[in-house]
Amino acid sequence: MAALIYFLMTGAHWQDFRLGRDAMLEDIATRAPLSFRDRGTSPWPELEAVLGRALAKQPTGRFPSLRTFADALEGVPLPPSAVRSPARTAALRPILERALDLAGLDGSWNQTSLSPAPTTSLNYGSTGIALGLLHVAQRRRDAEFLALADLWTKRALREIKNTEAFYNSDIEITPEVVGESSPYHSPSGVFAVAALVARAMADPLGMAEALAGFLDATRRPTIRLDLTLGRSSTLLGAAILLDAILGNNLVDPAPMRSFGDAALAEIWQAIDAKAPIATADVEYLGIAHGWAGFLYATLQWCRVSRTPVPTTVERRLEELAAFALPSGRGLEGPWVLHRPGEPMTMAGWCNGTCGYVFLWTLAHRLLGHPRYLDVAHGAAWRSWESSEPTVTLCCGLAGRAYALLNMYRNTGDRVWLDRASGLARRSERDGYIPAEYPHSLYKGEFGLAVLAADLEEPDQAAMPFFEPVGYQI
């Protein structure tokens, strides 16, 4: 009964059993149940404790009868995430439903070629749609949307060799500008999303094939070190994928570990050769193209892989924190260095304040210094207070809402969840949505639709292909 209830609550068995009769019996006799978080489901400690007792290895550790087991279940309180707030999701629900219709089997996005180019990339095209639908499927536990995500993934895989799949010189997205290996702008992102979809579908063979495709695609030329175009982008991709691999005994994590460790060493060999941030030859500070991105990708890889953090990381964090400027009740950082005039600042994720929230909460989680959480609070306040109206994940309100969701998950303070919902409502009411790429995950309205789905299950929310999905704690 406990095994069945676990399956109904998580959509998966209580352990990733090995194939073979003897191996499976050994797993049953020796392995403890995986946590709900390991299964990509919101933690529910009270229920997990009851099920853990019912699944105890020794009969004396279990409930003496089904009646006492039922009584214990009766006393389990609902988790906070089970009590949904209609106000939190109502404003964006029409945007979400419209996007799901457009991406559906009979929708116009599915029936025609996406345009303008890039048509396939994670940032702009069909790969981003597949990933967004995976988020919807996971939040709603809906197999139909998972199948639709798989359909869009297969479409993206077919499109990889199309001339307009990843580049468009009209918007300066060319191999010379964005490189050829970033998951956001190249085939490596298609294979990465295919691996995540296969993981959700319990398809280890498909996942292994997609992971091999990712590793092969990342051998193409890259641009600099940054997180959206350069080597840090492939390191972050490796962290997101390793998070999905670990705990799945049917896929070998060794090749991904080897790749990530080599990428980490390459990045830090380059960083350690540079002067202090204030005088180094890197102009940008933010997540997408600068120092915050190098550090964030590094810490995510170290968190997921349990690799020791490079010894000079804390020095670089302190150098970066020194640039934080008081603004309202919060803090913000300059966009670029070495430019005359007042510091350029923005609230959005790519080069602005909200991107720092993710970095500083992660640094606090790994390294424990209270100062890092203080800086995260400052960045979160500025992300909330800014009046900038752009909506997109990359530059606007949707990315800022994900930052406040991150703050909520890392502090447990529901005021940040309320503020994330407030930014979502503001985006629907007052925000500016670019019309050129409505289907784009990062540059269009579709990213706002994915946020709407994540707000339905905020304890599981993860900014698409920036935060690991959460298979590993």
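Predicted model: local features only at pLDDT ≥ 70, side-chain atom pairs only at ≥ 80, totals over all residues.
The largest nonpolar core brings together 126 residues. Within this core, the residues with the most contacts are M256, L320, W349, W360, Y442, L451 and F466. The element that gives the most to the core is helix α15, spanning residues 291–305, with a contribution of 10 residues. Another core, of 15 residues, lies apart from the largest one and includes I5, Y6, F36 and L51.

Attention now turns to D27, which is found in helix α2, a helix running over residues 21–30. Is D27 buried or exposed? D27 counts as buried because its relative accessibility is 1%, and buried means under 20%. Beyond its neighbours within four places in sequence, D27 is in contact with W14, D16, F17, R18 and K57.

Finally, there is the second largest pocket, whose volume is about 740 Å³. Its lining is made up of 32 residues. Which of them lie nearest the centre of the pocket? These are R224, D226, T228, L229 and H289. By residue class, the lining of the second largest pocket holds 20 nonpolar residues, together with 7 charged and 5 polar ones.

How values were computed: Residues numbered from 1 in each chain as written. Heavy atoms only, no water. Core = buried A, V, L, I, M, F, W, Y, C linked by side-chain atoms within 4.5 Å. Buried < 20%, exposed > 50% of the residue type's maximum accessible area, 1.4 Å probe, protein only. Helix = DSSP H or I, 4+ residues; strand = E, 2+ residues; numbered from the N terminus. Contact = heavy atoms within 4.5 Å. 1 Å grid on protein atoms, 1.4 Å probe; cavity = no way out; pocket = protein on both sides within 12 Å on 5 of 7 lines; lining within 4 Å. Points joined across faces, edges and corners; volume = space filled by probe spheres on them. Nonpolar A, V, L, I, M, F, W, Y, C, P; charged D, E, K, R; others polar.
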